Amino acid sequence: MTKLLGVIGDPIAHSMSPLIHNGWLRDMGFNATYEAMHVPEGAFESALQTLSKRDILGVNVTLPHKHAALAASSEASVEAATIGAANTLSYLGQQKWRADNTDAPGFLAALGAADPDTDRVVIMGAGGSARALVFALAQSGFPITVLNRTISKAEALCSELGNDKTVYGAMSQYKDHIESATIVINTTSMGYDGNIIDLPVGADRLFFDISYGKTAAPQIAHAAARGWRTRDGLTMLVAQAACSFEIWFGEKPDQAAAQRRCEIALRAVS
Ligand code: NDP
C-alpha cells in the first residue's frame with residue numbers, strides 16, 4: 001500500500017516540498033507519495049481527522065497552521081513545545097500525532113560554520129520563523145540582537161526564547177546594530193512586497209536571507225554588491241525537509257540532489 005505524506009498550508013501551490021520529498025522517495029525506493037494540501041485557517045483539525053482515515057505517515061505544516069499543529073498533537077519534542085510551533089507531524093495511529101520542529105536544526109545546518117564565542121548575530125524580524133532561529137542560536141550560546149518593526153514582538157520573543165546575551169531593538173535602528181555584527185539574518189517577509197533592506201558595507205561578513213527564489217533575489221543581489229557573503233533560504237528549506245524525512249523514515253536523504261532539483265525549478269520560473 002502506498003503511504004501518504006504531504007505539506008499542509010495556505011497558500012501552498014508555490015511549495016517546493018513535494019519536489020524535494022518526492023525526489024527522495026523515488027531515489028531511495030520508498031513506496032510513498034508526498035502531496036501539497038491546501039487547508040485554510042480554521043480547518044486544520046478537520047484536515048488531520050480526514051488524513052487519519054487514509055494511509056498517512058506524516059505531514060509537514062506551514063503558514064498559517066504551525067501553532068495549530070502543535071496544539072493538535074498528543075506529544076511534542078522539547079524543541080516544538082518550547083518554540084510553540086510544529087512544522088512536522090508524525091501519525092501515531094488512533095487519531096494521535098507527534099509534533100516536531102525541524103526549522104531550528106534546519107537553520108543551524110544551513111548556517112554552517114559559526115562560532116558563539118566570536119560571532120555576533122543580528123536577526124531582522126520577530127515573526128514565526130524568527131522564533132525557531134532565536135531558539136536555535138540562543139541554545140547554542142550566540143549573542144543575538146533581534147530587531148523588529150513592531151518592537152513589542154521583538155521584546156516578547158527575546159524574553160521567551162533568548163539567552164542572557166539576547167537583546168532587542170527597533171528595526172529602524174538597524175544600521176547601528178549591524179555595525180558590530182558578523183552575521184545578519186533577514187527573516188522579514190518584506191521581500192514579498194518588493195522591499196529590500198539598504199545594507200552598509202559588508203566587508204566579507206555573512207548576510208543570510210531565509211527567503212529564497214524571486215522573493216530573496218533583489219535583497220541577495222544588493223547584499224553581494226555591498227560586499228557581503230550571501231546565502232538565501234533554499235539550503236535551510238532543504239535541510240529542514242531532510243530532518244523531517246529522517247524523522248519519518250530513519251534515513252538521511254541526499255540534500256545536494258534536492259538542492260539541485262530546486263535550483264532548476266526556481267530557474268525555470270524566474
Ligand atoms: P511572519 O508573518 O510570522 O513574520 C513576518 C516578519 O516580517 C515580522 O517580523 C514583520 O514585522 C516583518 N515585516 C513584514 N513586512 C515588513 C516591512 N515592510 N518592514 C519591516 N518588517 C516587516 O512570517 P515568517 O516569519 O513565518 O516568514 C518570514 C519569511 O521567512 C517568509 O519569507 C518565509 O517564506 C521565510 N521562511 C523560510 C523558511 C525556510 O525554510 N527557508 C522557513 C520559514 C519561513 P511586524 O512584526 O512588525 O509585522
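Predicted model: local features only at pLDDT ≥ 70, side-chain atom pairs only at ≥ 80, totals over all residues.

Modeller: Residues are numbered from 1 along each chain as its sequence is written, and side-chain values use heavy atoms, with hydrogens and water left out.

Colleague: How are α1 and α11 oriented, roughly parallel, roughly antiparallel, roughly perpendicular or oblique?

Modeller: Helix α1 covers residues 17–28 and helix α11 residues 255–269, and their axes lie 9 Å apart at an angle of about 135°. Angles under 35 degrees count as roughly parallel, over 145 as roughly antiparallel, 65 to 115 as roughly perpendicular and the rest as oblique. The angle therefore makes the arrangement of α1 to α11 oblique.

Colleague: How many residues of the contact of α1 with α11 are nonpolar, polar and charged?

Modeller: Contact means heavy atoms within 4.5 Å. From α1 come L19, I20, G23, W24, R26 and D27, and from α11 come Q255, A258, R261, C262 and A265. By class, with Gly counted as polar, the residues of this contact are 6 nonpolar, 2 polar and 3 charged.

Colleague: At what distance from an oxygen atom of the ligand does a polar side-chain atom of K153 lie?

Modeller: The ligand is surrounded by 19 residues (a heavy atom within 4 Å), and K153 is among the closest. For S129, a side-chain N or O atom is 2.6 Å from a ligand oxygen atom. For K153, the distance from a polar side-chain atom to a ligand oxygen atom is 2.8 Å.

Methods: Axes fitted to C-alpha atoms, helices over the stretch in contact; angles between N-to-C directions. Helix = DSSP H or I, 4+ residues; strand = E, 2+ residues; numbered from the N terminus. Polar contact = N/O pair within 3.5 Å; in protein donor to acceptor, adjacent residues only side chain to side chain.
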